[in-house]
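Please study the structure shown below before reading on.

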Amino acid sequence: RALGTETALKHEARLRAVVDASPVALVEVDPTGFVTMANKTAQDLFEWPSNPGGWELQSPLRDQILALGVEVLETGSVSTRTINLDGRELSVSGAQLPAVYSTEGPSVLVAGVDVTEMRRAEQALVQAQRLDAMGQVAGRVAHDFNNLLTLIIGYASILRRGIHDEKQLSMIANIEAASKRAANLT
């Protein structure tokens, strides 16, 4: 019996080490919203002290976690949703935990990750892709426009060869100058 207790304590210590080392915020919540366990990541995310007495879900987070807990306990399956909290976006999942002692009721394990920066990076990537596409379209239009201007400049040069009237040569020079300015602008 002593050997079994020692083994159980070692398993519990190993499990606790894994939970504490997790980069995911892990919080155990009872059906009333009371936090019974929180790992270091959750304490940092929610700015809780290291002592369990200071772990409390504040509204509106409390209401959203309670709704998640009710859904998990009613369906018995894992539930995931996104929660907005003070300008941050959290992706949270809840799963039912069985009672350890017969006097306890079931509780819910809530795993959460702050995805705010990931969402911002996604939005920046979409914006960059949009700008890249616009740049490609503008480049194609500029290339096609340059091709047209090359034709105008070329034909004006050919036209100049057969003209001897100064007024007409001046107009052709204006066509060439305007076309070259447009080519430089493009």
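How many cavities of 30 Å³ or more does a search of the whole structure find? The search finds one. The model under discussion is a predicted one, and every value given here is computed from it.

The volume of the largest cavity is about 60 Å³. Its lining is made up of A25, V27, V29, F46, L57, I65, V92, V110, A111 and G112. Sorted by class, these lining residues are nine nonpolar and one polar, with no charged residues.

With strand 5, which covers residues 107-114, strand 1 pairs in the antiparallel sense over five bridges. Within this pairing, V27 has V110 as its bridge partner, and both V27 and V110 also belong to the lining of the largest cavity. Strand 1 is also joined to strand 2 (residues 35-38), again running antiparallel, by three bridges. Here V29 stands opposite V35. Strands 1 and 2 form a hairpin with five residues between them, and in the turn G33 has a positive phi of about 95°. As a general point on geometry, side chains in a regular strand alternate between the two faces of the sheet.

How many aromatic pairs are counted? The count comes to two. In one of them, F46 and W48 are tilted, with 5.0 Å centre to centre and 35° between the planes. In the other, W48 and W55 are stacked, at 6.4 Å centre to centre and with 25° between the planes. These ring pairs link F46, W48 and W55 into a cluster. F46 and W48 are buried, and W55 is buried as well.

Pockets, unlike the cavity, are open spaces. The largest pocket has a volume of about 650 Å³ and is lined by 19 residues, of which E28, T36, M37, L97 and V100 lie nearest its centre. Helix 1 (2-21), strand 1, strand 2 and strand 5 are the elements that give two or more residues to this lining. Helix 1 supplies the largest share, four residues. By class, the lining of the largest pocket holds eleven nonpolar, three polar and five charged residues.

The second largest pocket has a volume of about 170 Å³. Among its 13 lining residues, F46, Q58, L61, L85 and D86 lie nearest the centre. This lining divides into seven nonpolar, two polar and four charged residues.

One further residue deserves attention. Is I83 buried or exposed? I83 has a relative accessible area of 0%, and it is therefore buried. This residue is found in strand 3, residues 79-85. Leaving aside residues up to four places away in sequence, I83 touches L61, Q64, I65, R88, E89, L90 and V92.

How values were computed:
Residues are numbered from 1 along each chain as its sequence is written. This is a predicted model: local features need pLDDT of at least 70, side-chain atom pairs count only at pLDDT 80 or more; totals for chains, interfaces and linings use all residues. Side-chain values use heavy atoms; hydrogens and water are left out. Buried means under 20% relative accessible area, exposed over 50%, partly exposed in between (1.4 Å probe, protein chains only). Contact means heavy atoms within 4.5 Å. Two strands pair if DSSP finds at least two bridges between them. Rings of Phe, Tyr and Trp (its six-membered ring) pair if their centres lie within 6.5 Å; planes under 30 degrees apart count as stacked, over 60 as edge-to-face and the rest as tilted. On a 1 Å grid over the protein atoms alone, a cavity is a set of points where a 1.4 Å probe fits but cannot get out, and a pocket is an open set with protein on both sides within 12 Å along at least five of seven lines; lining residues have an atom within 4 Å of a point. Grid points are joined across faces, edges and corners, and a volume is the space filled by probe spheres set on the points. Ala, Val, Leu, Ile, Met, Phe, Trp, Tyr, Cys and Pro count as nonpolar, Asp, Glu, Lys and Arg as charged, and the others, Gly among them, as polar.
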